[in-house]
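Subject: The structure we talked about

Hi there,

Here is the structure I promised to pass on. Have a look at it first, and then read on for what I found.

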Amino acid sequence: MKATAKANTNIALIKYWGKRDENLFLPMNSSISITLDKFYTITTVEFKEKLDSDIFILNKNIESNSERDKVSRFLDRIRKRTGTNLHAEIISENKVPTAAGFASSASGFAALAAAASKSLNLDLDKKDISILARQGSGSASRSIYGGFVEWQKGIQKDGQDSFAKPLLSEKDWNISILSVVVASKEKNVSSREGMKRTIETSPFYSGWLSTVEKDLVMVREAINAQDFERLGEVVEGNALKMHATMLGAEPPVLYWQSGTMEVIHYIQSLRLSGIPVYLTIDAGPNVKVLCLPTDEKRIYESLLSLPSVKEVITCHPGEGITYL
Ligand code: PMV
């Protein structure tokens, strides 16, 4: 009745932006990511006879009702499936700068799905864990695997064909991902709300949908060929395009801060000087910079010298879920 799992977070190369089914977390488009080696969640789930509600302890703090309710709603899916009505104690350790555009929900729900299903002896394979994790947070479906991963959107109504698949293992291609922290306060529009508002109100969302398939094809090809420059160009364009859809929403959603702009311009100027370096940004102000391991050190140092940069964390492709 007790299990512990570890999941790394991931950064999307081709973004998931928009749901076609809010309840099952089915996406409008497929997405591709890299699982990172530095940011992770370790979660222990123990179902106990004596509890009358779930208890959620995150980084040694007992979480508020609203945070606990998100976890409980997720566990309800597993309780329904196994026919148990037991409650659980969930203890999580999160090594992710929470809610500043680093997807802590990805590692969080991936670790929770793995630990909870194992604690109840549900014999799930990785595909099933991906389907389960997806229903806590879409991006969590991808954290089940290491390296380069694709979450295929699927076409079925029940979501049974909407899960992640590995494209290339973390051992097969080493690139550097520098996580650049420009602001670490909590963002005020969640990704859930941001994508909903964009779909419902932005005139630019149709432009996103009509071009994302082409971006996916190009990124799959670039990963296959391990062609860094081709990868970077599509990845940066895809991220900026996602943020453009949000600017057209009513009211507009703008996750960037002045430091975000400073890093964008800086990376673009480095590239003009001949260094192969690209960026991507999720639903937050921080920037993830992609470069080759041979350039990692000098780019790391130069980023740290920018006035608005608070911290730079160097990551590489990391592994999928593990049980501890
Ligand atoms: O799954 P969520 O709710 O964390 O949404 C993820 C949204 C983005 O990070 C912006 C894109 C992505 O594919 O991870």
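This is a predicted model: local features need pLDDT of at least 70, side-chain atom pairs count only at pLDDT 80 or more; totals for chains, interfaces and linings use all residues.

**Strand 8 and its partners**

Strand 8 pairs with strand 4 in the antiparallel sense, over 4 bridges. In that pairing, Ser 33 stands opposite Val 149 of strand 8. Strand 8 also pairs with strand 9, again antiparallel and over 4 bridges. Here Glu 150 stands opposite Lys 165 in strand 9.

Strand 4 has a further antiparallel partner in strand 7 (residues 87–95), with 9 bridges between them. Look for Tyr 40, whose bridge partner in strand 7 is Lys 95. Strand 7 is also joined by 4 bridges to strand 5 (residues 55–58), and these two run parallel. In that case Ile 55 stands opposite Glu 89 of strand 7. As a reminder, strands of a sheet pair through backbone hydrogen bonds, either parallel or antiparallel.

Leu 112 is found in helix 2. Lys 297, by comparison, is 185 residues away from Leu 112 in sequence, and the two C-alpha atoms are 35 Å apart in space.

**Two domains**

The chain is divided into domain 1 (2–172) and domain 2 (178–315). Their centres, taken over C-alpha atoms, are separated by 23 Å. To the contact, domain 1 gives 24 residues and domain 2 gives 34 residues. On the side of domain 1 that touches domain 2, the elements giving two or more residues are strand 1 (2–14), strand 4 (31–48) and strand 9 (164–168). That side has 16 nonpolar, 4 polar and 4 charged residues.

Another open sheet has 4 strands in the order 11-12-10-13, with antiparallel pairing. Strand 11 (277–280) and strand 13 (311–315) are the edge strands, each pairing on one side only. On average, neighbouring strands of this sheet are turned by 25° against each other, direction ignored. Strand 10 (residues 176–181) and strand 13 share 5 bridges, and Ser 179 stands opposite Ile 313 in strand 13. Helix 7 (residues 258–272) lies across strand 10, strand 11 and strand 12 (287–291), and runs at about 155° to strand 11.

**The ligand**

Where does the ligand lie relative to the domains? Both domain 1 and domain 2 give residues to the shell around the ligand, so the ligand lies between them. The shell holds 14 residues, and the closest are Ala 12, Tyr 16, Gly 138, Ser 139 and Asp 282. Helix 2 (104–119) and helix 4 (191–201) are the elements that give two or more residues to this shell. By class, the shell has 5 nonpolar, 6 polar and 3 charged residues.

Happy to go through any of this with you.

Best wishes

Notes:
Residues are numbered from 1 along each chain as its sequence is written. Domain bounds come from an automatic or database domain assignment. Two residues are in contact if their C-beta atoms, placed from the backbone, lie within 7 Å. Ala, Val, Leu, Ile, Met, Phe, Trp, Tyr, Cys and Pro count as nonpolar, Asp, Glu, Lys and Arg as charged, and the others, Gly among them, as polar. A residue is near a molecule or strand if its C-beta atom, placed from the backbone, lies within 6 Å of it. Two strands pair if DSSP finds at least two bridges between them. Axes are lines fitted to C-alpha atoms, for helices over the stretch in contact, and angles run from 0 to 180 degrees between N-to-C directions.
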